[in-house]
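Here is a short walk through a model, written for someone who likes to know the cut-offs behind every term. Have the viewer open as you read.

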Amino acid sequence: MTDAESLANGFVDSIDLEAPPSDAELFDGEITVASRIVDFLSSGLYESPAACLKELINNSYDADAKKVEVLVKPEADQIVISDDGIGLTRDEFVTHFKRVSESHKRDHRSKTPSGRPLVGRIGIGLIAANELCDAMEITSTKKGHPEKLRVTINFAAMREDPTGRDRRENGDDGIAFKKGDFEGWVETAPKSHHYTRIFLRRITDSARKIFVGAPRGVMTAGRDSLYGLSPDSVVKKLEKPNLRSWSEFDEYSQTMLEVGLNVPVRYAPNWIPRDVRSRVADLEREVDEADFTLFYDGTDVRKPTVLRAPEGHFLRRFSFDGEAVSARGYFFAKRKVLHPQELNGLLIRIRRAAVADYDGGWMDFSATENRLFQDWVSAEIWADDRLEDALNIDRRTLRVTHPAYVELQAAVHEQLSDVLKEARDLFYTQRSKTRRVSQAREQIDRVHEIASDHGVRLPRVQRSNQLGSGSEPDEKRAIRRAVAKMTVSEVYGIALEVAQEELSPKQYQKFASALAARLLK
Ligand SMILES: Nc1ncnc2c1ncn2[C@@H]1O[C@H](COP(=O)(O)OP(=O)(O)OP(=O)(O)O)[C@@H](O)[C@H]1O
Ligand SMILES: [Mg+2]
């Protein structure tokens, strides 16, 4: 039995809510949502199942869970998110869901008891699941509380005609629309228990297709799957040089990768070349210390950032301390286009959770400046809380006029500009010069070959290994001295060497052929 299977079996018993015990305290109610956010919720705020799912996982993180288990396979007819966090009481549930208008998480603190900076701040992440399913069941018990909450939210009501759901006559400030119903009960539970299990039921067809992806072990239309793999095996798949995009995996795997990119899980084993790894150790350490593990159908999910660059790379740290915001991170540049393409661009994290995914537009960087090299860089920056003010409700976009954004943007652009120049110098100018010189050397060797075939001996001119040194005074003097002592054919050899340094490959080829022709006359 695989990890995934044993995990799935363990859950089967608890999946169906049985009838309440006779001493259970029943309750029910209506969920209303502030008009401020109602439009966002009904307009598909979260553009993919992964975006909804990551909200639930970040909630587990905020609840100080060390371990979250997500079960999707085999059919995704229901999805389970189970954590060992602090849990939720009925009172907390009712307070939040009777009037969804804001998050109360940060009312008294901005960190969890274990010291994690809280990700939640808006108060809509949990009901975002209405985009995935018609019903959500929550089973939760909180440490120190002798009760277990079991409640079902019916989202189907949300799809009804809005006029029937208008609750504005209630006179509630800003609370406008009914978004669903809930019913449940509280039963007794040992005080020491603490966990939350969320069951998403009646998953919509479109979400289900994405969640399921390929059937187990089967490649659909040539697409590979990450189902059931260890972190090392996932890395092996992600580092394949011919992997151009995550879309080469099935949708199941893409969802897993998107979730892993967003939530505060650890980096993958050997995610970045060894020679630069120690320079990002502080970022690694921070997520290691948060001690947060996500099992997705048994797979220990890591950040899908896997950077490989056998043809050459460099890393620049980014460190910015401005008036309105501070941030730190790294810019990783490699020779040639960075693949998979999902890692090309800038990833911003606030409170360890990502804002959207990699931004290939680099916060609106000039599209023309060193365009070629913009595709060679992957950067990640962790900004301080002040950037959170600039975060829109969708948690995917930042307000571009916010002072923290404006300041960070300028700093990022400055650094990117430098990195692009460096990439051009290091990987391109020097490389292309090397290429030109080596082509020229091939040509000169051909001339020697042709000449010797015809019994003409040309002098072998000692070659300088140092590129670009042809114009240095020492060498010039040495050439002049050598020319004085040389025969005519030796001077021809020198001429070839000079041509090799000075001419474009095309011009050189012409020159070398003409020279050979002249010698052979
Ligand atoms: N896994 C969980 N464990 C314990 N409590 C939870 C869990 N998930 C949700 N909650 C409770 O439900 C509330 C609502 O969660 P929701 O994600 O909607 O809002 P939020 O996290 O406060 O803000 P945001 O919308 O920014 O995520 C949380 O504030 C928290 O009290
Ligand atoms: Mg949340």
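Which element gives the most residues to the shell around ligand 1? That would be α3, with 4 residues.

## Ground rules and confidence

This is a predicted model, so a local feature is listed only where pLDDT is at least 70 and a side-chain atom pair only at pLDDT 80 or more, while totals for chains, interfaces and linings use all residues. Residues are numbered from 1 along each chain as its sequence is written, and chains are lettered from A and ligands numbered from 1 in the order in which they are written.

pLDDT is the predictor's confidence in each residue, on a scale from 0 to 100. The protein averages 84, and 82% of the residues score at least 70. Over residues 1-16 the pLDDT is below 50, and this stretch has 18 contacts in the model beyond near neighbours in sequence. Two residues are in contact if their C-beta atoms, placed from the backbone, lie within 7 Å. Residues 462-470 also stay under 50, and for them the model has 10 contacts beyond four places in sequence. Where pLDDT is low, the predicted coordinates should not be read in detail.

## The overall build

The protein has 14 helices and 15 strands. Of its 521 residues, 39% are buried. A residue is buried if 20 or more other C-beta atoms lie within 10 Å of its own, exposed if 12 or fewer, and partly exposed in between, with C-beta atoms placed from the backbone. Take the contacts between residues at least 6 apart in sequence: 75% of them join residues at least 24 apart.

Helix α11 covers residues 403-453, which is 51 residues. From first C-alpha to last it reaches 73 Å, close to the expected 75 Å; the expected span is 1.5 Å times one less than the number of residues. There is still a kink of about 35° in α11, centred on D425. The bend at a residue is the angle between axes fitted to the seven residues ending there and the seven starting there.

## Around ligand 1

There are 23 residues around ligand 1, and N59, A63, S103, G120 and G125 come nearest. To count as near, a residue needs its C-beta atom, placed from the backbone, within 6 Å of the molecule. The elements that give two or more residues to this shell are α3 (49-62) and α4 (90-98).

By class, the shell has 6 nonpolar, 11 polar and 6 charged residues. Nonpolar means Ala, Val, Leu, Ile, Met, Phe, Trp, Tyr, Cys and Pro; charged means Asp, Glu, Lys and Arg; the others, Gly among them, are polar.

E55 lies in helix α3 and is buried, because it has 23 C-beta neighbours inside 10 Å. Not counting residues up to four places away in sequence, E55 touches G125, L126 and A128.

Most residues other than glycine have a negative phi, and most peptide bonds are trans. The peptide bond from K73 to P74 is cis, with omega near 0°, and P74 sits in the loop between β2 (67-71) and β3 (78-83). Another cis bond runs from H339 to P340, with omega near -10°; P340 is in the loop between β12 (326-334) and β13 (345-350).

W362 has a positive phi of about 50° although it is not a glycine. W362 belongs to the loop between β14 (353-359) and α10 (371-374), and it counts as buried because 21 other C-beta atoms lie within 10 Å.

D291 lies in the loop between α9 (281-290) and β9 (293-296), and is partly exposed, with 14 other C-beta atoms within 10 Å. Of the 10 residues of α9, the number buried is 1, so this helix lies largely in the open.

K66, in the loop between α3 and β2, is in contact with D84, D291, F292 and T293, leaving aside neighbours within four places in sequence. K66 is partly exposed, with 14 C-beta neighbours inside 10 Å. K66 and D84 are 18 residues apart along the chain, and their C-alpha atoms are separated by 6.5 Å.
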